[in-house]
Amino acid sequence: MRSLAYKIGVGYFVLMSIGLTTSIFAIYNFTELRNSIEPILQETYQVAVNAENLVETLGDQDDALLMALIDDPELYRLYFDEGRDKFLVAYERAKGTSVLPRQAELIDRIILTYRSYLQASDSLFLLLSQQKAGIARNYQKFVLRPIAVRLKDQCFELLAANQEAMMQAQERIKLRTTQVTVTFIVAAVLAVALSLLASWRFSKTILGPALRLTESVRKISQGHLSQKIDVTTDDEIGELSREFNKMTERLHGYEEMNIHQIISEKKKSETIVESIADPLIVTDEKNCIILMNEAAALVLDLKDRRWMGEPLASVVRDERWIDGLTPTPDDRLSGQRRDHLLSFKKNGDTLYFRPRQTIITDEQGNVEGTITLLQDVTRFKNLDRMKSEFIATVSHEFRTPLTSISMGIDILTQGTAGPISERQRELLAAAKADCERLRKLVKELLDLSRLESGKFETRKIPLRLRDLVEEAVKPLELPFQEQGIGLEVNIPPDLSPVNGDNQQLSWVVRNLVDNALRYSMSGGKVNVKAVEEGDAIKVSVTDTGKGIPEEARRTIFEKFVQIKQPTETTPGSVGLGLAIAREVVEAHGGQIGVESKLGKGSTFFFTLPKSVPAS
């Protein structure tokens with residue numbers, strides 16, 4: 001029996017022959033149609049264009065004659081001559097493209113009339129040159145104008161004759177197109193009929209066994225693994241049927257295959273493609289590296305691909321980078337990562353990167369790995385450093401003049417420089433208050449600058465939080481009483497001690513309590529409490545104020561950020577308190593945050609590691 005390749009080849013040959021014959025026939029007819037239409041269209045189009053040019057240039061000459069009667073005749077004589085040259089060029093072209101007898105007759109009439117028109121125009125310019133304006137106007141109206149009208153009518157007759165020629169050409173084109181279309185439709189019908197006949201024969205001799213084979217395979221895919229395929233031919237389909245029968249005997253082993261792993265790998269690849277950036281590190285659920293681009297390898301100083309499958313801690317040499325690239329269980333649960341910077345030295349310059357991590361999960365929500373994007377923020381870090389240095393320099397320069405101004409105010413207030421009136425004393429008191437607010441602002445700016453640069457000396461000693469909090473809020477008890485706001489301090493006496501700087505941490509507590517007082521209404525309440533949470537102590541300050549909008553909670557700990565209405569004022573504050581508090585808490589190894597609901601108040605909290613007893 002002949003092979004399947006031979007059968008398919010014969011079928012394809014028949015179909016290709018029919019298609020090729022039909023295509024050659026169609027190409028031939030359309031080529032003939034194009035060759036017959038193009039000359040007709042080109043001929044009629046050129047005649048129409050030339051006739052329109054005659055009318056247009058004649059109008060320009062008429063305009064020049066009219067303007068010569070009004071303005072400078074010599075100037076418009078030049079315009080008229082220019083139009084005359086264009087008219088003669090258009091006439092020669094029209095004469096060369098006119099093929100119909102009527103068109104040729106009109107062309108001859110036009111040139112005779114135009115010569116009369118030129119002679120009359122020369123007479124008009126002669127009268128104008130002799131400054132006989134009145135005679136020239138009458139000559140233009142009664143002699144030249146009728147000639148121009150007759151000339152235009154002849155040009156329009158040429159246009160009409162051309163339109164008539166175009167209609168005749170259109171009829172010829174339509175007739176030719178109809179002939180070609182009918183011929184092609186007949187050929188196409190014959191080709192379709194032959195193709196259908198050939199396809200039917202092809203399906204009967206070749207596709208019949210293939211369809212039976214497909215049905216058997218479909219039953220196997222539905223789980224009927226005992227299905228056997230009937231072998232009815234000796235060609236390739238028959239051989240394929242025998243191989244399928246062998247394959248069904250091994251399908252039970254493949255059925256136990258772990259499809260979950262295939263889906264997981266597919267999701268990882270899709271996530272990597274969507275999140276690809278520079279530099280990029282991908283780790284699995286055990287924090288082993290499974291993918292890394294060249295930029296990440298350069299940052300981590302890795303020369304080869306030995307990192308593949310290795311734990312991140314064994315590949316990265318810098319402990320800070322290991323901590324920054326390793327998500328905690330809470331990070332993996334929330335799908336987010338705390339905000340911090342990683343530094344890298346290259347060619348004597350320090351580069352800063354901000355990790356952005358995406359957690360990979362499977363269809364059940366189980367963690368499969370982590371994609372870490374290292375965003376280059378070196379430029380922004382340098383700008384922030386320059387800004388901090390500038391602010392620190394300016395603040396430092398402010399201290400001396402502020403001290404002098406404050407001393408001068410004190411001397412004037414004491415009357416040392418002479419007696420002062422009561423009104424002057426009030427003005428000096430207001431100036432003294434403004435100096436104190438400026439001094440506070442300068443101190444906060446300098447403290448923040450030293451904290452950011454690491455120059456602020458932190459003396460960490462064991463502290464009892466209860467004593468620290470009570471000492472911090474004691475100066476604020478009177479303002480609470482004056483504003484009618486309750487203050488509660490709930491610090492267990494047996495709370496574990498923490499290591500820290502008493503002055504700095506007292507400032508943090510006092511700043512949070514002062515903010516709660518500032519944004520609470522009369523009759524409200526502020527609660528300060530501390531609890532143990534694992535290896536840390538959590539201190540929280542809760543108020544019953546108006547709350548903080550959700551979009552503002554992301555930036556409230558940034559420098560110079562204040563959450564207030566445009567009509568509100570906060571004397572002596574520019575939004576540095578919470579920024580300093582964050583630097584102090586993080587310098588002690590803790591974290592600071594806020595929880596708030598609009599209309600129900602806010603809770604600011606910070607954590608501090610417990611004091612580790614000396615062994």
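Predicted model: local features only at pLDDT ≥ 70, side-chain atom pairs only at ≥ 80, totals over all residues.
Local features need pLDDT of at least 70 and side-chain atom pairs count only at pLDDT 80 or more, while totals for chains, interfaces and linings use all residues. Residues are numbered from 1 along each chain as its sequence is written, and side-chain values use heavy atoms, with hydrogens and water left out.

**View 1. Here's the second largest cavity, with about 50 Å³ of space.** The count comes to 3 cavities of 30 Å³ or more. (A cavity is a set of points on a 1 Å grid over the protein atoms alone where a 1.4 Å probe fits but cannot get out; lining residues have an atom within 4 Å of a point. Points are joined across faces, edges and corners, and a volume is the space filled by probe spheres set on them.) The lining of the second largest cavity is made of D62, L65, L66, Q140, L144, R145 and A148. Two elements, α1 (4–70) and α4 (133–221), each give two or more residues to that lining, and α4 gives the most, with 4. (Helices are DSSP runs of H or I, at least four residues, numbered from the N terminus.) Sorted by class, the lining has 4 nonpolar, 1 polar and 2 charged residues. (Ala, Val, Leu, Ile, Met, Phe, Trp, Tyr, Cys and Pro count as nonpolar, Asp, Glu, Lys and Arg as charged, and the others, Gly among them, as polar.)

**View 2. Now look at α2 (residues 73–97) packing on α3 (residues 101–129).** Their axes sit 12 Å apart at an angle of about 170°, which means α2 is roughly antiparallel to α3. (Axes are lines fitted to C-alpha atoms over the stretch in contact, and angles run from 0 to 180 degrees between N-to-C directions; over 145 degrees counts as roughly antiparallel.) Among the residues that meet are F80, F87 and Y91 in α2 and I110, Y114 and F125 in α3. (Contact means heavy atoms within 4.5 Å.) This contact has 15 nonpolar, 1 polar and 4 charged residues.

**View 3. Next up is α14 (residues 465–473) against α16 (residues 502–518).** The angle is about 55°, with the axes 9 Å apart, so α14 is oblique to α16.

View 4. Contact residues include W507 and L512 of α16 and I580 and V584 of α17. By class there are 9 nonpolar, 4 polar and no charged residues here.

Key. 1 Å grid on protein atoms, 1.4 Å probe; cavity = no way out; pocket = protein on both sides within 12 Å on 5 of 7 lines; lining within 4 Å. Parallel < 35°, antiparallel > 145°, perpendicular 65-115°, else oblique.
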